[in-house]
Amino acid sequence: MSQITIQQLTIGYQGPQLLTEVDCRINSGERIGLLGRNGAGKTTLMRLLMGMEKADEGKIEFAADTRIAFLQQDVPDQVEDTITQVIETGLPAEYHDAENHWRRDQIVEQTLAQLELDGSRHFADLSAGLKRRTLLGKAIVGKPDILLLDEPTNHLDIDSITWLEGFLASQRFTLLFVTHDRQFLRRLATRILEIDRGRLFDWTCDYDTFLKRKELALQAEEKQQALFDKRLAEEEVWIRTGIKARRTRNEGRVRRLEEMRRARMRRPKVVGNVKMQIDTGDRSGQLVCDLQGASFGYDGKQVVAPFDLTIMRGDKIGILGRNGVGKSTLLKGILGQLQPLSGSVRLGTRLDIAYFDQTRDILDPEKTAEQNVSEGKTTIEVNGQSRHIIGYLQDFLFTPEQARTPIRFFSGGQRNRLLLAKLLARPANMLVMDEPTNDLDSETLELLEERLVDYEGTLIVVSHDRAFLNNCVTSMLVFEEGIIQEYVGGYDDWIRQRNAKQASSKQANGKRTNGKQSGSESAKETAKSESSSAAPPKPSASARKLTFKERYELEQLPQKIEAMESELAELHEKTAQPDYYKSAPAIQQTDRARIAELDQQLLTCYSRWEELSAGE
């Protein structure tokens, strides 16, 4: 059954039209993912469906008695109401009558139980995830037939996202949602609609099938346009060589040529991809950061519990945890912006750090995009080449007009792209990124992933985008039960290792509680425990005190490591010179051997330093 019928819908603001003569039908029970580049018109289409915008042409028809609700992308500020009061505002007008108060209370209580919310809590005191859940309650309390969601996973932690996926999958209402979370799309979407250059394409498939079909469609479109352009070029040559045949036939050919010219001018321009490059600059030292028993917090109140961590050059680390658990606090501690409450933090040498802050505080909303990136200059140097600031911003899909526009008018995706442009405008051998994927379209996100995979510096990233973590990081720091646990691999690897650990823990608990051990097994374990207790315990490295000689060695190791890193940096700089390979082969061989020797010595020194530090 068709719930929404869209016919010849057209709307545009300044510049090209967002939607041009769009037709579409949305049927009952479908879960539709709405895709498109930043600024393509996805939110505009949702606002048209809600009646919040008026189309220039065309019409939208709804089935009789269709109820529709909209969960917007932005979370409202300065809301002092309780959760119950916020949810009640989503009820239809008839529920606010005095005689219907019992029905109102009953429906609100059902919604609170369904969403696992405490109605007495104040909205302003909630985490981002609970605020989103409350607004979802406001949207569904009126029992809508169709629910529109605009970027529902933004700023949510993993637990909130997985809960939302399960909740939406269990509901029967029709769902139309905009998201760039690929795992969310794979879990929920049964149909894909895509807005591309003013047109709406209906792919009628799941997300993975859409990716394959889209690639084939783009290839076919490229071949078709190439053939059209070839025919047009042949006709242009003909018209310039003069008319040699009969007049009537020539007039028809001229008319066809004019129509081809008009068709070529009407052809929508392909939206380019961001041209993103990451300049690592000079190599940092082998050791990037070392934390020993470090804890962090504010005003003496601990937020991050004490833990040990060693970050080496080239590590790619993902940080995962619930909202408010202390991920951003940990980042500031690693960067040295926050002094530890206990323990020590040691940063390595020659670090050039670029910090991507999820709050985008380094962007001034009153300044233009050009002013934010250039900082008063007309040119910037990127990868050793001088670039005009306008040309550089065009690489990030900002037109000259947008480059001169105050960024307070920019969307979230445009601001994130601008922040990337600002950070990547200078060399950085260490990237620290806090939620970099929010609001980025799929094309920009995939390109960022490619660049980060090829990046030779050190990467530390906080993200709740599961696909992004799988593709970019090689280890994970996860906040679990009040402590930080380290895992090898990406998000899926963490899930596998966590499940294995939980399974082994349950198995061990079961053996201890069911009392099904045989007498012989019990006797063996008793004998084993007695023999182990009778043997003298071996002293651990942490229990053994350092000798005077070892303590002196530990004190000298940092200076020794720094000297080797300096020599290694000089050798790398020497071999990077353009005319280096004109030198004698014997000199090149000696330098290569010395670089390999220094790399090995540094690894040995770091291992020895960790061993001695454990006994200090």
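## Exercises on cavities, a ring pair and a sheet

About 80 Å³ of space lies in the second largest cavity. The model is a predicted one, in which local features need pLDDT of at least 70 and side-chain atom pairs count only at pLDDT 80 or more, whereas totals for chains, interfaces and linings use all residues. Residues are numbered from 1 along each chain as its sequence is written, and side-chain values use heavy atoms, with hydrogens and water left out.

**Exercise 1.** Describe the lining of the second largest cavity.

*Solution.* Begin with the term: on a 1 Å grid over the protein atoms alone, a cavity is a set of points where a 1.4 Å probe fits but cannot get out, and lining residues have an atom within 4 Å of a point. The volume is the space filled by probe spheres set on the points, which are joined across faces, edges and corners. Next, find the residues, which include L71, R132, R133, P152 and W163. Then sort the lining into six nonpolar, two polar and two charged residues, where Ala, Val, Leu, Ile, Met, Phe, Trp, Tyr, Cys and Pro count as nonpolar, Asp, Glu, Lys and Arg as charged, and the others, Gly among them, as polar. Finally, look at the elements, given that helices (H or I, at least four residues) and strands (E, at least two) are DSSP runs, numbered from the N terminus. Helix 4 supplies the largest share of the lining, four residues.

**Exercise 2.** Classify the aromatic pair formed by W163 and F167.

*Solution.* First locate the two residues, which both lie in helix 5, four residues apart, about one turn of the helix. Rings of Phe, Tyr and Trp (its six-membered ring) pair if their centres lie within 6.5 Å, and planes under 30 degrees apart count as stacked, over 60 as edge-to-face and the rest as tilted. With 5.3 Å centre to centre and 5° between the planes, W163 and F167 are stacked.

**Exercise 3.** Work out how the strands are arranged in the sheet with the order 11-10-13.

*Solution.* Two strands pair if DSSP finds at least two bridges between them. Three strands form this open sheet, and their pairing is antiparallel. Strand 11 (301–312) and strand 13 (342–347) are the edge strands, each pairing on one side only. Turning to strand 10 (residues 287–298), we find eight bridges that join it to strand 11, and A294 stands opposite F307 in strand 11.

Definitions and conventions: 1 Å grid on protein atoms, 1.4 Å probe; cavity = no way out; pocket = protein on both sides within 12 Å on 5 of 7 lines; lining within 4 Å.
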